[in-house]
Amino acid sequence: MANTVKKFIEGNNAIVDGAIAAGARFYAGYPISPSSEIAEGAAKELPRHGGVYIQMEDEISSMAAILGASLAGKKSFTATSGPGLSLMQENLGLGIMSEIPTVIFDVQRSGPSTGAATKPAQADIMQARYGVHGDHSIIALSPSSVQDCYDLTITAFNLAEKYRTPVLFMADEVIGHLRETVTEVEPDASQIFNRVQPDENMTQAEFRPYGYSSNMPAPMPFVGDRKFLMRTTGSTHDEKGEFAPNPQNINRVTHYLTDKIEKNVDDITITRSYQLEDAEVAFITFGCSTRSAHTAVDILRAKGVKAGMLQIVTIWPMPEKEIREVLSKVKTVVVPEMNLGQLAGEVRKFNDYGCKVIQANRTDGILITPQQIIDKLEEEN
């Protein structure tokens, strides 16, 4: 029977527990509010599990270090907030091009620049998707509870390993510092995805560390493996890992880096629905705003309004099918978020159904309330 522990902890601590449960054994990072408890927790806990914690001089080197550790065979992670995520973008691109699995925890705060360092926001959504230059796709998850911080952290590492890609975990200050009771169930081996290794009978001449002929990545040995020489580079490369900037290969790699995620969207994306069966009004939300939207549904239902909610857990790739289903069935959609409308803009792209889309935004560093969401609905509907 799986080992189960109940704890009353904050989201940032649950992230550390989830990472260790997923098999992560290397952390490199630079402390930054409001994610610093992840660094502190990793420093305490990783050595107890045979892991390594390194405090780096900045976020640029932190991102480079976790890529190197992952290439050497260790599941690795780092934690930051908006300004640090900005600094990580170049090496995040290296991880995407070189197909190096790792997880980056972004506990979002108000910005831009230093902004209000201890105040919450949800304004890094577009940066997560488009911060790295060039065509590619990305996986990004967003928790709405401390339980999510544990469970979805394990999911994030599994997705990183399965699809050989960096995965972003888009928490926010509210969830990172929220304390709740969490049930931490130790996953068994069948619930943990470890990177696929090459066939031991394969020769070096047959070995290909990259594979662009399908929508799933090639097996990935550890750098330093005695049997296989693995080449990796941030430059456009062929299946051997050798520099190959010819037009055909550039086109092939560009499509592959997008398709391996976008064409596996049904396997990757997670959504949750609440009271949507007969809803005429729906909230489409993510992260900390989900908690207020959930209460807003209950308040409206008590008043006789048929309200429901779609929670987007996987922000990227965007769960288009589920969003379209809501837009096609209800008369009005409200998108509550702690930014000026980053998710709302994506929802509107899918609105081919004449549904009214209303934004409910808060940008003053205070969690949006259920009543504010309801007021926006009643004001504009």
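These legends walk you through several close-up views of a predicted model.

View 1. Strand β10 (residues 281–285) and strand β11 (residues 307–312) run parallel and are joined by 5 bridges. To find your place, look for Val-281, which stands opposite Ala-307 in β11.

**View 2. The largest nonpolar core and its neighbours.** This core has 53 residues, and those touching the most other members are Leu-168, Ile-284, Ile-323, Val-333 and Val-347. Helix α3 (residues 59–71) supplies the largest share of the core, 6 residues. Which residues does Ile-323 touch, leaving aside those up to four places away in sequence? They are Ile-284, Leu-310, Ile-312, Met-318, Val-347 and Phe-350. Another core, of 42 residues, lies apart from the largest one; among its members are Ala-19, Leu-46, Val-107 and Phe-169. In soluble globular proteins, nonpolar side chains tend to be buried together.

**View 3. Helix α1, from end to end.** Helix α1 (residues 11–22) has 12 residues. From its first C-alpha to its last it reaches 16 Å, close to the 16 Å expected at 1.5 Å a residue. Is this helix largely enclosed or left open? Of its 12 residues, 10 are buried, so α1 is largely enclosed by the rest of the structure. The buried residues include Gly-11, Asn-12, Asp-17 and Ala-22.

**View 4. Ser-76 and its surroundings.** You will find Ser-76 in strand β4 (residues 75–80). Its relative accessibility is 1%, so Ser-76 counts as buried. Although Phe-26 is 50 residues apart from Ser-76 in sequence, the two are 4.6 Å apart in space, C-alpha to C-alpha. Not counting residues up to four places away in sequence, Ser-76 touches Phe-26, Ile-66, Ala-69, Ser-70, Pro-101, Thr-102, Val-103 and Phe-157.

Notes
Residues are numbered from 1 along each chain as its sequence is written. This is a predicted model: local features need pLDDT of at least 70, side-chain atom pairs count only at pLDDT 80 or more; totals for chains, interfaces and linings use all residues. Side-chain values use heavy atoms; hydrogens and water are left out. Two strands pair if DSSP finds at least two bridges between them. Helices (H or I, at least four residues) and strands (E, at least two) are DSSP runs, numbered from the N terminus. A nonpolar core is a set of buried Ala, Val, Leu, Ile, Met, Phe, Trp, Tyr and Cys residues joined through side-chain atoms within 4.5 Å. Buried means under 20% relative accessible area, exposed over 50%, partly exposed in between (1.4 Å probe, protein chains only). Contact means heavy atoms within 4.5 Å. The expected span of a helix is 1.5 Å times one less than its number of residues.
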